[in-house]
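Here are my notes on the nonpolar cores and the charged pairs. Please read them with the model open.

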Amino acid sequence: MAASLVIPVARGTATGLPLQRRRRIPATSPLLKVRSAAGEGFPAAEPDLSVKVNGLEMPNPFVIGSGPPGTNYTVMKRAFDEGWGAVIAKTVSLDASKVVNVTPRYARLRVGSNGSTKGEIIGWENIELISDRPLETMLNEFKKLKKEYPDRILIASIMEEYNKNAWHELIERVEETGVDALEINFSCPHGMPERKMGAAVGQDCALLEEVCGWINEKATVPVWAKMTPNITDITQPARVALKSSCEGVAAINTIMSVMGIDLNTLRPEPCVEGYSTPGGYSSKAVHPIALGKVMQIAQMIKSEFNDKEYSLSGIGGVETGNDAAEFILIGANTVQVCTGVMMHGYGLVKKLCDDLKEFMRKHNFSSIEEFRGVSLQYFTTHTELVRRQQEAINQRKAVRKGLQSDKDWTGDGFVKETESMVSN
């Protein structure tokens, strides 16, 4: 007779106090499915979402990506309260007075015809610049957050002009607030390229190497270099950043785009006084592109560096825990969400965690590290795909199909079973 487990179940009584009764659980119940390490007779442990990245301990791998969701104290506090693993603040620089934003600064791509206002949003373009709030204001808010949430991870995103002294001053002032790490914005695709800021650095490996050198001779906390996808081979700047002493890379930032043309007014969008400028594209439509770029970086890190010492943060079109699982499966340590928060709110992190735990239960994974990078081994070259397929075809041809002997007869469909035993 199969073993069973008896567990107490509370039920109400006339007095309102719980009364314990016993419910017998069959041995075949999923409740009794356990890992050998869990011990016999105990339910499997809840999947552990916590991660440790470059010495930074996070309750889960979900990170608020730099942008509007990290624009001030109020929203960053909200992110911590909702349970995000870490928060990356909106990018700051020394002189915020040079940053002038416009309105409208967003445009959306929906399922359906051009100009549709009802379809599901699948693409999002922004022409927003970095923070236009005074640096001192942002620094004070960083200090306040770290005082109130000393055990939570706050990462400052910084960007500066091509000036060593300016970079050193910015790093020193930001680190004084107690932030846990720095993410360097080498990837903003629009705004101020003439000042050698953002993607203007990330697209020039020689310039990137020099600026990374300046940064890492000053920084005392972990440094992540945020990569631009607007480049032929994203592994080149990622390699330069890691060789220049950055502890990790993050990818991808937004993709240079023109969202569309209004077919009534013939003007591009987002339209500012009748004109527009190319901006950064995000949301779920970029997810496959982001996966491709992150996969390339992960392969490079694995083959050329010790991937246990360097980190990779995946970014692009994450709205579900399954989206995040894909990034982790190809090597990401953490997963950033920005546009998804703008569309669904800070409470999205609860769904992300629930989805990811469900995925882990399905595959019996107990920790993030247990499945990180598992799918990398299944990527290869097209030439290798051709070889593998031809080999599989040859093997299938070599195997005789059909019944091999009398013992395989089932008695159903004698004609078909007889035909299956005829040699070709």
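1. Terms first. A salt bridge here is a side-chain nitrogen of Lys or Arg within 4 Å of a carboxyl oxygen of Asp or Glu. By this rule, Glu46, Lys357, Glu358 and Arg361 are linked in a network. The count comes to 25 salt bridges.

2. Basis. This is a predicted model, where local features need pLDDT of at least 70, side-chain atom pairs count only at pLDDT 80 or more, and totals for chains, interfaces and linings use all residues. Residues are numbered from 1 along each chain as its sequence is written, and side-chain values use heavy atoms, with hydrogens and water left out.

3. Main core. A nonpolar core is a set of buried Ala, Val, Leu, Ile, Met, Phe, Trp, Tyr and Cys residues joined through side-chain atoms within 4.5 Å. Buried means under 20% relative accessible area, exposed over 50%, and partly exposed in between (1.4 Å probe, protein chains only). The largest core has 99 residues. Trp84, Ile158, Leu182, Val249, Ile297 and Leu356 touch the most other members. Helix 7 (residues 287–304) gives the largest share of this core, eight residues. Helices are DSSP runs of H or I, at least four residues, numbered from the N terminus.

4. Second core. A separate core holds five residues, including Leu129, Ile130, Met159 and Met197.

5. Ile158. Which residues does Ile158 contact, leaving aside its neighbours within four places in sequence? Contact means heavy atoms within 4.5 Å. The partners are Thr91, Val92, Trp167, Leu170, Ile171, Val174, Leu182, Glu183, Ile184 and Asn185.

6. Helix 3 to helix 2. Arg173 and Glu136 form a salt bridge at 2.8 Å, N to O. Arg173 lies in helix 3 (residues 164–175) and Glu136 in helix 2 (residues 135–148), so the pair ties together parts that are 37 residues apart in sequence. Both ends are partly exposed: Arg173 has a relative accessible area of 25%, and Glu136 has 41%.

7. Helix 3 to helix 5. Glu172 meets Lys218 in a salt bridge at 3.4 Å, N to O. Glu172 lies in helix 3 and Lys218 in helix 5 (residues 205–218), so this pair ties together parts 46 residues apart in sequence. Glu172 is partly exposed at 39% relative accessible area. Lys218 is partly exposed at 29%.

8. An exposed pair. Lys52 forms a salt bridge with Glu57, with the closest N and O atoms 3.9 Å apart. Lys52 is exposed, at 60% relative accessible area. Glu57 is exposed too, at 53%.

Key: Helices (H or I, at least four residues) and strands (E, at least two) are DSSP runs, numbered from the N terminus.
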